[in-house]
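Open the model in a viewer and keep the sequence panel beside it. The stops below go from one selection to the next.

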Amino acid sequence: MLPGPVIYAQEDDRVIVKVINQTPHNATIHWHGVRQRLSCWFDGPSYVTQCPIQPGQTFTYEFTLVQQKGTLLWHAHVSWLRATVYGAIIIYPKTGVPYPFPYPYEEHIIILGEYYLRDPLQLEQAVLASGGGPPPADAYTINGHPGPNYKCSTNDVYKIDVIPGKTYLLRLINAGLNMENFFGVANHQMTVVEADAEYTKPFTTDRVMLGPGQTLNVLITANQPIGRYSMAMGPYMSARNVPFQNITSVAYFQYLGATPNSVSLPAVLPRFNDNLAVKTVMDGLKSLNPASVPKEIDKNLFVTIGLNVQKCGRKNPRQNCQGNNGGIFAASMNNITFIRPSVSLLEAYYRKINGHFTEDFPASPLRFYDFVNGAPNNAPNDTNALNGTRTYVFEYGTRVQLILQDTGTISTENHPIHLHGYSFYVVGYGTGNYNPATANFNLVDPPYMNTIGVPVGGWAAIRFLADNPGAWFMHCHLEIHLTWGLSVVFIVKNGQGPLETLPHPPADYPRC
Ligand code: C2O
């Protein structure tokens, strides 16, 4: 199936999924946005919380949706397999608990995706070997359908039939690999009521933007003349300076009574580089019930997010380098290019097995010279981000602030940064370099998210209470950047009390 099956659940439900790997590839599944309270063994990123499930093997994931409700997604977390292995997670409120908005007439899942004709693993290898960036998808899809832009598919367009006057809830998910996307419906406004499975103050807009991994719930009322309207996705590519086709895929929002096969009214989306449109959406996201925004912090990390060029032939697992100018594209956080271990990092930590990672991820960047007002400078020698499997260790209960700063010597770009195991409050963001003297913080109703698009050439400040023990991946959710090493692992130690004691790994925990 594409997309894969939907997981329907209720808040606080126990979810048990037995994954049987019938593919010839290694596989894992990650439950993106599920906070995995005391269940870090089941989080899913390969070589971080588990070894992959090998062909023919099985692994049973078990976790509780503790105080979580809303729209999330699951996806494969090995190589580029999530290109085709993904699906929605819908968590309803507990029985009898009302929504903070009038319940809509109907709800629909809308998953934005990218489809590649090549095997995703071969695609990853080819892109790595080229030393350059990824190709565009062969098709951009809505619920697996490529839309009428592609010759083969004019009769195979995803469609929602609507009744005039009724209101619908759209559960929007961006499950794509490498593209941030605008989404809008022709002639209709949408009211955002939830972001990353947390209620937001209602905010009305005619377009939204979702980075890969992000989810939004929007309400839309069929209040226009009877007809067929386009629901469209289009690229947001803050880094590129070449125009790109503005609409990459279309589905239909079709009124009962519309002439069948009538021409659909086109949607209008912002241009591919419209940073202001993205900021407007971000500005609109405010928590509805901001329960526990940390007002004070114990640890403040300054983390640069950088794209750079690594020279070929350095001590580098990516030896087969044929990149441009004697270099390959790479990425780093605080000038460390993450190299994935060949075991489960979490298990190595838990069993105290030495030699697979270090605990010296720096609390601020090692080098500052590629950090010039968020814009690329041409320091030609910034080929020396260090390769390493470095983690940062937090004591249990630390109130953490991360200042995420976009930088880079080859380009700056909006990066959807995702943290596993937690949601975090986005207390501030802005353009240019972070400056504590002028930065505006919102400690009243900041959005509570699991993936934040750090503005191009700008910064975002996030806060969370490190109270869930485990090894938690934080990475750019643009798959190519993850491949290039734009990630880090945070280890959160166990507390003392029985509740905080890390349970043992399950019996069927995969071996590497
Ligand atoms: Cu949705 Cu580490 O990923």
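How many bridges join strand 12 to strand 15, and do the two strands run parallel or antiparallel? Select residues 190-195 for strand 12 and residues 215-221 for strand 15: four bridges join them, and the strands run antiparallel. Within this pair, pick Ala-195, which stands opposite Leu-216 of strand 15. Bear in mind throughout that this is a predicted model.

Six strands make up an open sheet in the order 8-7-10-15-12-13, and the pairing is mixed. Colour strand 8 (139-142) and strand 13 (198-205), which are its edges; each has a single partner strand, so one side of each is left without a neighbour in the sheet. Looking across this sheet, neighbouring strands are turned by 20 degrees against each other on average, with direction ignored.

Next, select the open sheet with the strand order 9-17-16-11-14, which has five strands and mixed pairing. Its edge strands are strand 9 (159-162) and strand 14 (208-210), each of which pairs on one side only.

Three bridges join strand 11 to strand 14, and the two run antiparallel. To find one of these links by residue, select Asn-181, whose bridge partner in strand 14 is Leu-210.

**The domains**

Zoom out and colour by domain. The domain assignment of the protein gives domain 1 as 1-99, domain 2 as 101-287 and domain 3 as 299-500. The C-alpha centres of domain 1 and domain 2 lie 23 Å apart, and 24 residues of domain 1 are in contact with 24 residues of domain 2.

Which elements give two or more residues to the side of domain 1 that touches domain 2? They are strand 5 (70-76) and strand 6 (86-92). Strand 5 gives the most, with five residues. Colour this side of domain 1 by residue class: 13 of its residues are nonpolar, nine are polar and two are charged.

For comparison with the record, select residues 2-94, 106-257 and 377-495, which the unreviewed UniProt entry annotates as "domain: Plastocyanin-like".

**Two backbone details**

Most residues other than glycine have a negative phi, and most peptide bonds are trans. The peptide bond from Leu-2 to Pro-3, however, is cis, with omega near -10 degrees. Pro-3 is found in the segment before strand 1 (7-10).

Then move to Leu-38, in the loop between strand 3 (29-32) and strand 4 (58-64). Leu-38 is not a glycine, yet its phi is positive, near 55 degrees.

**The whole chain**

Finally, show everything as a cartoon. The protein has four helices and 30 strands. Its radius of gyration is 22 Å, close to the 24 Å that the globule rule gives for 512 residues, so the protein is as compact as a globular protein of that length. Taken along the principal axes, the box filled by the C-alpha atoms is roughly 65 × 55 × 55 Å.

Terms used
Residues numbered from 1 in each chain as written. Predicted model: local features only at pLDDT ≥ 70, side-chain atom pairs only at ≥ 80, totals over all residues. UniProt positions renumbered as here; feature names shortened; annotations may be inferred. Domains from an automatic or database assignment. Contact = placed C-beta atoms within 7 Å. Nonpolar A, V, L, I, M, F, W, Y, C, P; charged D, E, K, R; others polar. Pairing = 2+ DSSP bridges. Rg over C-alpha atoms; globule rule 2.2 N^0.38 Å. Axes fitted to C-alpha atoms, helices over the stretch in contact; angles between N-to-C directions.
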